[in-house]
Amino acid sequence: MMYSVNIALLLLLVLTAASATFLVKELMSSVFILGSYSFFLSLVWAWLGAVDVAFVEAVIGAGLGTVLFLVTLFDTAPKDSRLRRPPPPLAGVLGLPLLGLLLLLAANDLPQFGDPTSPPNVHISPVYLQNSYADTLTPNVVTSVLMDYRAFDTLIETVVIFTAGIACALLLREPGS
Amino acid sequence: MKQMHDSIIVQAMSRLLIPLAQLFALYVLFFGQYGPGGGFVAGVIWTTSMILTFLVFGLKSPQGRLVEKVLHGDGIGLIIFVGVGGLCLIGGGEFLNYANLEIPGLDAPARRYTGILLAQIGVAVDVAVTGISIVLSLAYHDTEQEYDV
């Protein structure tokens with residue numbers, strides 16, 4: 001029972017932040033609400049037991065993402081200039097709740113959270129949990145998966161980040177500087 | 001943003017907090033094998049400390065100059081990461097198989113530890129330099145004569 005209350009509370013926080021992002025006109029406030037949304041999301045991750053993901057969400061989403069948005073805002077107008085936004089189309093107003101209802105119905109078929117017989121928990125996770133220390137001699141399973149079993153994955157991720165930095169520098173910096 | 005922040009409170013608190021943030025980044029980097037964290041998060045925390053540095057002290061100050069110098073390290077992190085993999089190849093194993101990191105005087109767990117730590121340092125350096133590069137590109141792209149990269 002306590003779990004459902006927790007889920008409802010966290011979902012409410014996430015929904016509030018997400019809707020406030022769309023309702024607020026001033027872009028600066030939107031950025032900060034987006035940052036708080038990331039903090040709520042990291043709370044959800046931490047509550048689900050994914051501490052690493054929560055850490056990354058808090059640092060990247062709430063920290064660096066907010067800074068990037070703010071720095072971008074310094075070059076733009078601080079207010080949303082489309083003061084009279086067009087009304088949303090009727091298909092969207094009617095269709096989106098229906099879509100959400102369908103998704104909720106489909107979510108009933110998902111395995112229960114923490115169910116030991118659900119496919120993710122019987123497929124490959126036990127292999128990592130049982131063999132990772134013997135294979136990699138690293139006590140933290142997350143580290144052994146990220147940096148040892150799937151080190152190639154991490155390497156290519158690093159290449160992606162490097163490429164993103166180069167592309168930003170090429171696009172944004174003036175030539176000749 | 002381009003010159004020093006005029007509030008003495010902000011400056012004093014930054015002098016106190018920026019080293020703390022950097023210390024925490026190092027802790028996350030070196031403790032990442034035993035707890036949550038790792039190279040990626042450590043790099044981002046270091047980036048935020050550097051962003052705070054040039055937001056508070058300005059790019060003209062000695063600290064800001066130091067942040068600019070960091071930009072020259074673009075790609076070094078990737079070289080460290082790939083270099084660890086190459087060392088494993090030289091040691092006679094597969095690419096990025098840390099067990100073949102032939103460093104004399106280290107047993108198997110210490111080899112794994114060293115390999116993963118070096119790879120995570122590579123990730124952290126790459127992420128930190130990329131983050132500071134993107135922020136500097138966004139913030140100073142119209143005043144390129146203000147800084148020389």
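User: Hi! Before we start, what counts as buried, exposed or partly exposed here?
Analyst: Buried means under 20% relative accessible area, exposed means over 50%, and partly exposed is in between (1.4 Å probe, protein chains only). This is a predicted model, where local features need pLDDT of at least 70, side-chain atom pairs count only at pLDDT 80 or more, and totals for chains, interfaces and linings use all residues. Residues are numbered from 1 along each chain as its sequence is written, chains are lettered from A and ligands numbered from 1 in the order in which they are written, and side-chain values use heavy atoms, leaving out hydrogens and water.

User: Thanks! Is Cys88(B) buried or exposed?
Analyst: Cys88(B) is buried, because its relative accessibility is 0%.

User: And what about Cys168(A)?
Analyst: Cys168(A) is partly exposed, at a relative accessible area of 23%.

User: What does Asn100(B) touch?
Analyst: Not counting residues up to four places away in sequence, Asn100(B) touches Leu87(B), Cys88(B), Gly91(B), Gly92(B), Gly93(B) and Glu94(B), where contact means heavy atoms within 4.5 Å.

User: Buried or exposed, that Asn100(B)?
Analyst: Asn100(B) counts as buried, because its relative accessibility is 19%.
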